[in-house]
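Visitor: I am new to this structure and would like a close look at a single part of it. Please show it to me before we start.

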Amino acid sequence: MASRASTDGRPSSAQPYYAAGNFRPEDGLLLLLRRAQLAIAQRVADETDLGGSTIPQWLPLYKVHSGHANTVADLARKCTVDAGAMTRLLDRLEAKGLCRRVRSETDRRVVQIELTPEGVDVARSVPEVLSRVYNAALSDFTHEEWQQLQGFLRRLRTNAEQAPKEEPT
């Protein structure tokens, strides 16, 4: 495959990896990433007994517990979801007795999130559960392969974020 240097000195592909004429959905980047994510998420669900809490529900609990966010708006930003989606997610977490929303006494427009004792227990278990599942998923990777995969995924994210919008031809 021919290559040319990119602006950061790395080789970049002269030919695209995908073409509409021979595109196979099962080899699509998003599908491959999504299938890996779903397989890992299923392992997490299989290996936990947290009352049906899912990874998207754990993330806000963990962020509140670790002090990274304590308001609905901040939690939505930190979890990269819109405020409406965060509100619905918090509705489910409240229904499970894992958190409660409390209006700020100084600014009634601000809604703060507090974990219940049960929510604290779930949040504390997140690193242990995820470490166990991630290690199982990476069990046949060498340390170097894991470091390389992390680099590839970070580079993929950066490329996607910085890619110029192309007009359809």
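Visitor: Where in α5 does a kink lie? Please describe the surroundings of the helix as well.

Guide: The kink lies at V126, shortly before the proline P127, and is about 35°; the bend at a residue is the angle between axes fitted to the seven residues ending there and the seven starting there. This is a predicted model, in which local features need pLDDT of at least 70 and side-chain atom pairs count only at pLDDT 80 or more, while totals for chains, interfaces and linings use all residues. Residues are numbered from 1 along each chain as its sequence is written, and side-chain values use heavy atoms, with hydrogens and water left out.

Helix α5 covers residues 117–137, which is 21 residues. Helices (H or I, at least four residues) and strands (E, at least two) are DSSP runs, numbered from the N terminus. From first C-alpha to last, α5 reaches 31 Å, close to the 30 Å expected at 1.5 Å a residue; the expected span is 1.5 Å times one less than the number of residues.

V126, the site of the kink, is also one of the buried residues of α5, which include G119, V120, V122 and A123. Buried means under 20% relative accessible area, exposed over 50%, and partly exposed in between (1.4 Å probe, protein chains only). The cover over the buried residues of α5 includes α1 (29–46), α2 (55–65) and β4 (111–115), where contact means heavy atoms within 4.5 Å.

Helix α2 has buried residues of its own, among them W58, P60 and L61. Their cover includes α1, α3 (72–78), α4 (83–95), β4 and α5. Just after α2, G67 takes a positive phi of about 85°.

Strand β4 holds E114. E114 and L61 are 53 residues apart in sequence, yet their C-alpha atoms are 9.2 Å apart in space. E114 is partly exposed, with a relative accessible area of 34%. Leaving aside neighbours within four places in sequence, E114 is in contact with C99, R100 and V102.

Between β4 and α5 runs a loop, and T116 has its place there. T116 is buried, at a relative accessible area of 7%. With neighbours within four places in sequence again left aside, T116 is in contact with G97, L98, C99 and R100.
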